[in-house]
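Please look over the sequence and the structure shown below before reading on.

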Amino acid sequence: HKNLNESTKVKIYNGAEYYDDGVSKIFLTMVDRTSTSITIESDCIEIVGSAFEFCTNLTSITIPESVKKIGDWAFNGCSSLISVTIPNSVTAIGKDAFRGCSSLISVTIPGSVRQLEESVFQDCTNLKIVTIEEGVVELGWLSFSGCSSLTSITIPGSVTSIGHSAFLDCSSLTTITIPGSVMSIGDCAFWGCSSLTTITIPGS
């Protein structure tokens with residue numbers, strides 16, 4: 001494992017700290033955590049855990065196609081974040097990565113992300129539009145719980161598992177179709193979905 005605290009390799013570019021080994025960069029944190037926007041360097045491969053945690057002024061971010069991993073709690077509590085584009089290069093999004101991003105309106109999860117970890121979008125209370133692309137296999141525990149503005153969601157045919165409390169308290173959710181690929185639905189997956197009028201559950 002790389003020692004990300006190795007001072008000779010921690011560099012500042014455009015107002016952000018990176019670990020730079022001369023081959024690629026790993027995003028560590030913003031120098032000014034009150035900034036409203038940031039563009040990540042084009043050769044950055046990873047955003048570490050808690051990199052933007054509670055950066056409450058951050059409204060937008062551009063993630064380049066080079067990024068493969070977004071760490072645990074990376075954007076947790078970024079309550080002013082309105083939009084984020086997750087590129088197809090990303091294969092892993094850590095737990096609680098976007099939890100509490102209460103201004104986030106829409107998000108597309110690329111098929112390159114096979115598994116959504118627990119609580120990734122929990123309590124994104126203004127999230128209205130979620131697009132899950134073909135290729136995602138597992139929706140983890142509490143992944144969309146508390147997304148009280150979400151009205152509908154389409155689960156692609158690649159998904160095989162919907163985790164415990166995945167859509168807990170999605171109180172505006174009115175319709176959902178579960179594809180035949182789904183083999184397991186966890187306890188309380190749709191608990192508190194008080195507006196749900198139509199749900200299609202496959203024979204599988």
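A search through the whole structure finds 0 disulfides, where a disulfide is defined as a pair of cysteine sulfur atoms within 2.5 Å. In general, a disulfide is a covalent bond between the sulfur atoms of two cysteines. For Cys55, the closest cysteine sulfur belongs to Cys78 and is 5.4 Å away, which is too far for a bond. Cys193 is likewise in no disulfide, and the nearest cysteine sulfur, that of Cys170, lies 5.1 Å from its own.

Cys55 has a relative accessibility of 0% and so counts as buried, a word used here for residues under 20% relative accessible area, while exposed is over 50% and partly exposed lies in between (1.4 Å probe, protein chains only). Cys193 is also buried, at a relative accessible area of 9%.

## How the model was read

This is a predicted model, in which local features need pLDDT of at least 70 and side-chain atom pairs count only at pLDDT 80 or more, whereas totals for chains, interfaces and linings use all residues. Residues are numbered from 1 along each chain as its sequence is written, and side-chain values use heavy atoms, with hydrogens and water left out.

## Aromatic rings

The whole structure holds 9 aromatic pairs; rings of Phe, Tyr and Trp (its six-membered ring) pair if their centres lie within 6.5 Å, and planes under 30 degrees apart count as stacked, over 60 as edge-to-face and the rest as tilted. Phe144 and Phe167 form a stacked pair, because their ring centres are 5.5 Å apart and their planes stand at 10°. Since Phe144 lies in the loop between strand E13 (138-139) and strand E14 (152-154), and Phe167 in the loop between strand E15 (161-162) and strand E16 (175-177), the pair ties together parts that are 23 residues apart in sequence. Phe144 is buried at 0% relative accessibility, and Phe167 is buried with a relative accessible area of 0%.

Ring pairs also link residues into a cluster, whose members include Tyr13, Phe144 and Phe167. Over the face of Tyr13 lies Lys25, at 4.8 Å from the ring centre; a charge sits over a ring if NZ of Lys or CZ of Arg is within 6 Å of the ring centre and within 35 degrees of the ring normal.

## An open sheet

Three strands form an open sheet in the order E4-E6-E8, with parallel pairing. Strand E4 (37-39) and strand E8 (83-84) stand at the edges with a single partner strand each, so one side of each is left without a neighbour in the sheet. Strands (E, at least two residues) and helices (H or I, at least four) are DSSP runs, numbered from the N terminus, and two strands pair if DSSP finds at least two bridges between them. Strand E6 (residues 60-62) runs parallel to E8 and is joined to it by 2 bridges, and the bridge partner of Ile61 in E8 is Val84.
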